[in-house]
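Have a look at it first, then read on.

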Amino acid sequence: MTTAAPQPAQQPEPLWQPGPDRIARAQLTRFQQWAAERHGAPAAGSGASGQGGPGTLGGLTGLEGPAADYAALHRWSVEELDRFWQAVAEWFEVRLTHPYETALAGAEMPGATWFPGATLNYAEHALRTADDPDRADTPALLCVDETHEPVPVSWAELRDQVGAVAAQLRRLGVGPGDRVSGYLPNIPQATVALLATAAVGAVWTSCAPDFGARSVLDRFQQVEPVVLFTVDGYRYGGKEHDRTETVAELRRELPTLRAVVHIPLLGTPAPDGALDWAAVTAEKAAPVYEQVPFDHPLWVLYSSGTTGLPKAIVQSQGGILLEHLKQLGLHCDLAPGDRFFWYTSTGWMMWNFLVSGLLVGATVVLYDGSPGHPDTGAQWRIAERTGATLYGTSAAYVMACRKAGVHPGRDFDLSRVRCVATTGSPLPPDGFRWLHDEFVATSGDMWIASVSGGTDVCSCFAGAVPTLPVHIGELQAPALGVDLQAWDPQGKPLVDEVGELVVTRPMPSMPIHFWNDPDGSRYRDSYFEMFPGVWRHGDWITLTSRGSVVIHGRSDSTLNRQGVRMGSADIYEVVERLPEIRESLVLGVEQPDGGYWMPLFVHLAPGVSLDDELRDRIKRTIREQLSPRHVPDEIIEVPGVPHTLTGKRIEVPVKRLMQGTPLDKAVNPGSVDDMELVRFYERIARERAAD
């Protein structure tokens with residue numbers, strides 16, 4: 001692959017760039033200096049070649065200053081995986097209780113072996129701040145409900161509760177490899193249960209209580225848990241939602257359960273045969289940490305499961321520990337004294353990622369409630385009241401605030417927030433501009449970090465880099481240790497062109513396996529079928545000649561007109577800027593006769609009708625701001641857009657309905673937020689087929 005160095009005149013102005021003090025203070029800068037001295041990493045200012053030449057990232061050239069420094073460090077991190085991950089382990093003082101000879105013994109995918117012979121425990125690292133007498137009584141957790149009043153849990157209290165629950169698990173006979181499940185909202189008890197499970201070497205898995213019984217059973221029945229932590233209900237949007245009947249059904253349908261631990265969030269007594277949380281945690285106990293192999297299972301996460309049973313994705317104690325230390329410490333620049341808030345639920349990988357903020361000694365902010373209660377500005381208010389220094393949310397929430405006229409920089413004291421991060425879907429250019437403009441007048445400085453990764457690795461492929469500039473609509477760079485590339489269908493790397501997101505070298509947090517996939521065939525088919533030995537994630541991306549990354553949406557739902565590939569996210573960004581459009585869904589449907597149908601479904605704002613004038617304006621806006629190829633063949637009004645339970649538009653299942661796939665084969669009912677909406681799209685498909 002060869003690329004010409006971009007001319008200075010072609011360089012767009014960054015939306016934001018870090019000042020010299022921020023760059024100097026960044027843990028990433030200090031890590032690079034240390035790794036250069038200890039592990040042969042390129043020193044800052046040396047360029048990618050280590051001889052002062054121009055920096056490169058994935059073969060890119062023409063980078064200077066901090067961009068060249070990061071490009072050089074990134075290239076070293078993927079070319080010298082063994083040395084890089086050994087450096088990460090040493091920098092973060094990972095406690096490995098057995099010696100190891102190499103960090104990576106075989107780099108094949110799938111099947112890479114990390115730190116063979118080493119043993120450790122994730123929970124021990126998450127709680128080691130509690131051993132610091134100067135910090136033991138400071139908050140490890142700040143717990144917030146819809147009253148928006150933070151309640152602290154100190155490091156010492158968290159350690160004692162984890163110790164008590166771990167002791168109870170051992171009394172129940174729970175040991176390494178057993179599965180422990182949680183049907184819990186984002187409350188401190190969920191964090192305690194996860195850490196106690198990890199402490200005994202068992203395997204954690206969780207679902208949020210807004211999941212119905214069938215959705216939960218589709219997940220938990222696969223892994224056969226021996227203990228279930230559960231609530232009697234939860235509060236959301238100012239209302240109480242009772243879950244006692246759902247819990248009773250879970251108990252009936254999970255025959256492997258030895259015990260149920262009841263958390264009375266709504267105040268109801270423990271049902272017959274269940275243990276009460278207060279009794280379980282009544283006696284203080286110092287945690288005992290089971291030392292397990294590096295690749296020992298830590299937790300099971302689940303794919304969205306929109307077209308079948310969710311994939312039960314197993315990640316390792318050591319792999320997650322190292323990956324999250326790198327991502328949170330180096331990329332998010334989190335350290336002791338920081339307060340880390342990300343709006344999430346226990347059914348989304350971002351909750352696991354949030355809990356890992358404990359690994360770097362940060363105070364983790366847990367919010368249990370609606371993202372928009374009592375008003376759209378709720379999350380900003382929580383960030384204000386908890387003194388959050390890194391605040392993460394969804395791109396959809398940012399755009400909803402923009403539409404609702406929320407002014408976070410003006411209306412809230414967010415002076416402690418150094419970074420606003422987004423994920424879940426690409427942050428549109430208007431989202432970047434809006435966030436920047438909201439804060440530039442007050443603080444004058446706000447790092448906006450759009451990040452992208454996946455449940456499959458429980459981390460980020462690309463996103464936050466504290467030493468690099470931010471360009472509108474772009475993720476700053478691929479993450480360290482991630483050999484991220486964009487490939488064409490023949491496996492040729494692309495720059496400044498749309499291609500498949502691939503990772504050509506292993507990451508420690510890649511799944512060790514899927515549950516109930518004994519021969520590994522489902523795992524291989526999920527990621528390695530298109531390019532054997534190379535991880536293909538299923539997203540369309542552009543790697544720019546500046547080393548930044550643009551995410552265009554899922555590659556299996558990407559629009560492809562006459563061989564020109566287009567991302568659905570680009571259309572959403574333009575269409576949903578119109579005040580009449582609440583949300584939209586665009587599909588590219590290949591027809592049996594070789595034709596191609598590209599409908600745009602629009603959910604309108606209250607009081608708006610889809611007349612010819614609005615249709616014409618939508619088409620004209622798309623044509624002018626994107627291209628004539630992006631203009632849909634048809635615009636159809638719908639009562640809403642269906643999502644997965646983690647909030648992602650379900651493009652592929654609806655596309656399959658439009659291609660004639662029966663509903664029961666196109667969509668898993670337990671994985672979507674509104675099956676009635678899906679049935680509405682099914683009726684559209686039937687009517688089209690009958691014409």
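## A helix on the inside

How many of the 15 residues of α11 are buried? The count is 15 of the 15, so α11 is largely enclosed by the rest of the structure. Here, buried means under 20% relative accessible area, with exposed over 50% and partly exposed in between (1.4 Å probe, protein chains only).

Helix α11 covers residues 317-331 and reaches 20 Å from its first C-alpha to its last, close to the 21 Å expected at 1.5 Å a residue. That expected span is 1.5 Å times one less than the number of residues. Helices (H or I, at least four residues) and strands (E, at least two) are DSSP runs, numbered from the N terminus. Just after α11, Asp333 takes a positive phi of about 60°.

## Where the numbers come from

This is a predicted model: local features need pLDDT of at least 70, side-chain atom pairs count only at pLDDT 80 or more, and totals for chains, interfaces and linings use all residues. Residues are numbered from 1 along each chain as its sequence is written, and side-chain values use heavy atoms, leaving out hydrogens and water.

## Rings meeting rings

Searching the whole structure turns up 30 aromatic pairs. Rings of Phe, Tyr and Trp (its six-membered ring) pair if their centres lie within 6.5 Å; planes under 30 degrees apart are stacked, over 60 edge-to-face, and the rest tilted. Phe84 and Trp85 make an edge-to-face pair, 4.9 Å centre to centre with 70° between the planes, and both are buried.
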